[in-house]
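Please open the structure in a viewer and keep the selection tool at hand.

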Amino acid sequence: MDEISEIVDFDSLKAWLEARPKEDAVVIAHRAAQRVLPIVWQDFTRRGELTPLPFLRCNLTSGEVCYAGSPEVKAAANAANAAAKAAAADAAAANAAAYAAFSAANAAANAAYASANAANAAYAAAAYAADAAAVLWNNVRQDAASLTAGQNLSTIPLWADDDNPLQKLWVDLVPELRAQFTGSEQSARAEEGIDYSFWIDWYERALKGTETRWEMIAKIALIADDVWQGDPSVLMDKINAIWQRKTDQGTPTSQAAVVDFSFDAQLRLMKASGFDDDAAHLRDPAKVQSFLDDIEEMRDAFQDFSDFAAEKSTQTNAPRVLSMGADKLLKEFQRCKDLDHLRARRILTLGKQVQGLLGEEANRKELGETLSEMLETDLEALNDVCRKHFLPSVARLEPLDDLDMGDVQPADLLVRFEKALETVEHADGDNLQPLAPEDLTLLRDMLSELRDTGASLAEARSDEYRETTRKRFARRAGALGSTIGRYVQKGSEVANDAGKKFDDTVKQYKRYETIQGLLDWLQTFISGGGG
């Protein structure tokens, strides 16, 4: 069966999946089980003597197999499946929502039966949530369509169009789960109850399609089977320790760096690179080819604009700023041919910057309506490509949109950024490894872009334009600050003195959430020195 519209029950889904890669069946099974997980979670939690942990384990394990595909976790899915079945049997409570969970784990562990298990999971989910069956099957069809389009479903919200018929159940359940735990923040141990903080965070991310911490998820899934089946407090101590190490990485704002940094031991230099998670989903050859095809199309489109704009600039004084933005995007597209050098966040921030510049009436007027519309079309297509391939990166940069200048003066921030880059330039390897010249140029380019925005802000005549430009300045400042902070963190870790001089500086960087906090952190870094 080829028609997705005909997927309406167990048989039709199984028939569709049998013509698809086995991996698609695992994804369908996992998402079907995830949708009804709050039902089994609530059921087992309210019974008091029972724990929903075996079913949470099933869903966590099958999710890692879907989206990261670690062979070790795939093997662990069998144990998760067996433990959940035993828990349901012991409790004489093998409801259909629970059955959906271990069907998903079974699909993850046994490729030969993936289609049947996926159909079982979807059917069981719809059967248990009878009032929501039509919505559930519609979501299964949406998942099938997304898989056919080559999309990464880990970046897509669990319920299409925010139509979650179990939303109220989940909202009501969360306070119950939090109220159960009476222990400290540092430990999952308590006289009564389980600390569900990690699990609530994990499920919220699944609902929104923002989970990216697959290495952490794998570590949790691979906790020994006897620990999973033992004292829940001991298990949660181990899970929380792994989770805490991940959350120690910093506030969402501080982690919105445009590029990552790694140490080249041969050159003894720090070099800018893409984040591993930005391309983690580009493993399947078909998805890689889809991505490269889209990027090639973008390269051609922006090259056409750049050529036309260059021709016009020989005839008039058309603004070079928009052409410069397009040229910078072209350079980033060229890097995408090698996924190891992909800088998704730089593409996203450049696209947003050019979009903002195009919105300025003076730039649009000088460029001319034809070229403006051409660039606008190209940017819309770029947004679509970014949403298709870089949604996790989009989510990581979103905190920058919430930044506000407050009482901080742009001129003060620009002065501190200049001094911070001077500090970076003088790094000698003792406390901070030096940055490769071409990557220092990247930071200086970002500062130059920030200066241009500051100049536009100083010349703003209307209140509306001034406010829009202040927000743009704050976003760019946050991106540059977080990127410098990331360099200081990574560059101090591999310094000759193990970066002890910058320990407090790095801790402060990880805590910053506002522009004032960024200004204070920059001063701490400058005062700390670079050598």
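Select D24, which is buried, with a relative accessible area of 9% (buried means under 20% relative accessible area, exposed over 50%, and partly exposed in between, with a 1.4 Å probe and protein chains only). Residues are numbered from 1 along each chain as its sequence is written, and side-chain values use heavy atoms, with hydrogens and water left out. This is a predicted model, in which local features need pLDDT of at least 70 and side-chain atom pairs count only at pLDDT 80 or more, while totals for chains, interfaces and linings use all residues.

A salt bridge is a side-chain nitrogen of Lys or Arg within 4 Å of a carboxyl oxygen of Asp or Glu. R20 is partly exposed, at a relative accessible area of 24%. By this rule, the count of salt bridges comes to 27.

**Stop two: bridges between helices**

Next, select R35 and D143, a salt bridge with its closest N and O atoms 2.7 Å apart. R35 belongs to helix α2 (residues 22-46) and D143 to helix α7 (residues 133-148), so the pair links distant parts of the chain, 108 residues apart (helices are DSSP runs of H or I, at least four residues, and strands are runs of E, at least two, numbered from the N terminus). Both R35 and D143 are buried.

Then move to R451 and E418, whose side chains form a salt bridge at 2.5 Å, N to O. Because R451 lies in helix α20 (residues 437-458) and E418 in helix α19 (residues 410-425), the pair ties together parts 33 residues apart in sequence.

**Stop three: the nonpolar cores**

Select F302 and F417, the residues with the most contacts inside the largest nonpolar core, which has 73 residues. Such a core is a set of buried Ala, Val, Leu, Ile, Met, Phe, Trp, Tyr and Cys residues joined through side-chain atoms within 4.5 Å. Helix α21 (residues 463-493) supplies the largest share of this core, eight residues. A second, separate core of 61 residues includes F55, W137, W214 and W243.

Now select helix α10 (residues 214-221): six of its eight residues are buried, so the helix is largely enclosed by the rest of the structure. Among the buried residues are W214, M216 and I217.

**Last stop: a loop**

Finally, select R268, in the loop between β1 (260-264) and β2 (269-273). R268 has a positive phi of about 55 degrees although it is not a glycine.
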